[in-house]
There are 2 protein chains.
Amino acid sequence: MDAASFSARAASAQQRILAALERTVGTSDPAVERLLQAMRYSVLAGGKRLRPLLVYITGEALGAQPEQLDAPAVAVELIHSYSLIHDDLPAMDDDDLRRGLPTCHKAYDEGTAILAGDALQALAFDVLANGAGLDERARLQMITVLAAAIGTLGMAGGQAMDLAATGSLLTAAGIEEMHRRKTGALIRASVELGAIAAGRVASAERAALQRYGDEIGLAFQIQDDILDVTGDTAVLGKRAGADAALSKPTYPSVFGLARARELACLHRDRALRELDSLGAAAAPLRALAYAVVERVS
Amino acid sequence: MDAASFSARAASAQQRILAALERTVGTSDPAVERLLQAMRYSVLAGGKRLRPLLVYITGEALGAQPEQLDAPAVAVELIHSYSLIHDDLPAMDDDDLRRGLPTCHKAYDEGTAILAGDALQALAFDVLANGAGLDERARLQMITVLAAAIGTLGMAGGQAMDLAATGSLLTAAGIEEMHRRKTGALIRASVELGAIAAGRVASAERAALQRYGDEIGLAFQIQDDILDVTGDTAVLGKRAGADAALSKPTYPSVFGLARARELACLHRDRALRELDSLGAAAAPLRALAYAVVERVS
């Protein structure tokens, strides 16, 4: 699949997920309108929608119907949105800009931002528990996979490691473990949810796809670190140089920029090898692995 | 059931839930030890364990085994702990004292406290998705009920209403709606989870118990408001007068203390009426309704 075809595939997934997200967070409730607005503000603000895309292209590669993939695609994006809101808080990374807009706590207030994140997490589990076209076992598996990916072993743990590491040095193993949890775990879970929706609760394919998810998760975060050094605030939509300003250990700061680039490609190539057994159906997953490393924002 | 027998029943539930909570948050993970410590600090610090008690006595009244009730009991207490951590944050109620100890963000730091709450929420759903002795349908129902109880229609929505109401006046209907969401929804969900564990996914009993949960939830929060005025910091384990200091609308501030006391009893009595059809098995639920209004801490 060439880059243009992949871009078209990604754009159609973006349209589909946006419609599904609008249905999910589009409710009105006068008593808590400000909270709902803050949730919508963060969820509908755009972004690459990488995680939903992974759900769709993994699930479709294994034969799932798009309708079965909407719930897990929505769930991972709601979780991603909540994590950005909380990570941007003053007590965390203290960022003012996200996707070219004021961060949630700047546009609203800190209390509302904390609650918006909290409510989005709950909503994600509600969406999975009631996913259309998915049997009960698949829904429970998805909930288990997602909960593990965002708890202490995953996203929340990675962010805690990030907070602790700010201003200090990390070993190569330390930064890899931090990135695996902070960003990699949810990316891997997105791949797994797609596989589960396709009925692959336990299979060799799911195991290979888990490893694929692991590797592109790491490649994605290394490229994120690289873009923080080489990128431009206007293109990124968030403040370039933010990691350095906070003295955060990153792949470029630990390994140097050239080696960080090599490592991103190394993990991409490992990801690609895991797809060998999946044949032509995995073409979008292959294209995505290249896109993750080649992206400029 | 007299007060002494109820106290003994509550004490045995407290022992059981403490053991189950210790198993759930007792894991070690050197990479994120501080985060895990903050979670344990908040979860194991004590407290009344009202919500797990409701799960146990509701479930047992309907014939569930204690082993089937551990997962939902743990889940509601993890959620309650997370909500206290986030509610105490400087951007919310800014409290320094909880259960006679420094609040989580005082004992650790704000970033860790936010993440501890986030991870506890995820853990609660993980526990429900893997609840022992519960069939798949029951587990999914519990997840749906819990997610609704803590989202915008429940706890997070109620806390948002609380933030918005601080320093302003509320109507009688407004404060009731705020309390129903902020505190009532999780108390009601605790009752519902007990009923679901006992196999009552849809039944007249579950509907009556929902209304019971609604009413004791409201009675509990009205008594909370009363204790903020009449209670003592040393006995409460949290700062007395905190609501007045923040100019929060409360039942005593809206209705006066005498009428607030009447309303607490009125909701208790409504709760009691819902138990009529359940007979002798509901004795602990009756005793709990009295205890909620008579408590001094």
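Visitor: What is the mean pLDDT of chain A, and what share of its residues reach 70 or more?

Guide: The mean pLDDT of chain A is 94, and 100% of its residues reach 70 or more; pLDDT is the predictor's confidence in each residue, on a scale from 0 to 100. This is a predicted model, in which local features need pLDDT of at least 70, side-chain atom pairs count only at pLDDT 80 or more, and totals for chains, interfaces and linings use all residues. Residues are numbered from 1 along each chain as its sequence is written, while chains are lettered from A and ligands numbered from 1 in the order in which they are written. The scores of the model are ipTM 0.97 and pTM 0.97.

Visitor: What makes up the secondary structure of chain A?

Guide: Chain A has 15 helices and two strands.

Visitor: How does the radius of gyration of chain A agree with that of a compact globule?

Guide: The radius is taken over C-alpha atoms, and the globule rule is 2.2 Å times the number of residues to the power 0.38. For 297 residues a compact globule would have a value near 19 Å; chain A has 18 Å, which agrees. Along the principal axes, the C-alpha atoms of chain A fill a box of roughly 50 × 45 × 35 Å.

Visitor: Why is A:Q121 called buried?

Guide: A residue is buried if 20 or more other C-beta atoms, placed from the backbone, lie within 10 Å of its own, exposed if 12 or fewer, and partly exposed in between. A:Q121 has 30 such atoms within 10 Å, and is therefore buried. A:Q121 lies in helix α6 (residues 110-129) of chain A. Across chain A, 56% of the 297 residues are buried.

Visitor: With which residues is A:Q121 in contact, leaving aside its neighbours within four places in sequence?

Guide: They are A:I79, A:Y82, B:D118 and B:Q121. Contact requires that the C-beta atoms of two residues, placed from the backbone, lie within 7 Å. A:S81 is 40 residues from A:Q121 in sequence, with 9.0 Å between their C-alpha atoms.

Visitor: How many residues does the contact take from chain A and from chain B?

Guide: Chain A gives 43 residues and chain B gives 43 residues. On the side of chain A that touches chain B, the elements giving two or more residues are α2 (33-43), α6, α7 (136-150) and α8 (155-165). The largest share, 13 residues, comes from α6(A). By class, this side of chain A has 24 nonpolar, ten polar and nine charged residues. Ala, Val, Leu, Ile, Met, Phe, Trp, Tyr, Cys and Pro count as nonpolar, Asp, Glu, Lys and Arg as charged, and the others, Gly among them, as polar.

Visitor: What rotation superposes chain A on chain B?

Guide: A rotation of 180 degrees, with 0.0 Å of shift along its axis, superposes chain A on chain B with an RMSD of 0.0 Å. That is the relation of a two-fold axis. The superposition is by least squares on the C-alpha atoms of residues with pLDDT of at least 70 in both copies. The residue of chain A that comes closest to the rotation axis is A:E136, at 3.1 Å (C-alpha).

Visitor: Which residues touch the most other members of the largest nonpolar core?

Guide: In this core of 191 residues, they are A:I143, A:L146, B:I143 and B:L146. A nonpolar core is a set of buried Ala, Val, Leu, Ile, Met, Phe, Trp, Tyr and Cys residues joined through C-beta atoms within 7 Å. Not counting residues up to four places away in sequence, A:L146 touches several residues, among them A:A75, A:I79 and A:L193.

Visitor: Why is helix α8 of chain B described as largely enclosed?

Guide: Nine of the eleven residues of this helix (residues 155-165) are buried, so the rest of the structure largely encloses it. The covering elements include α2 and α6 of chain A, together with α4 (66-87), α7 (136-150) and α9 (172-197) of chain B.

Visitor: Why is A:S247 exposed, and why does B:D94 count as partly exposed?

Guide: A:S247 has 12 other C-beta atoms within 10 Å, so it is exposed. B:D94 has 15 C-beta neighbours inside 10 Å, and therefore counts as partly exposed. A:S247 is in the loop between α12 (242-245) and α13 (251-255) of chain A, and B:D94 is in the loop between α4 and β1 (97-98) of chain B. Most residues other than glycine have a negative phi. A:S247, not a glycine, has a positive phi of about 55 degrees, and the phi of B:D94 is also positive, near 55 degrees.

Terms used. Helix = DSSP H or I, 4+ residues; strand = E, 2+ residues; numbered from the N terminus.
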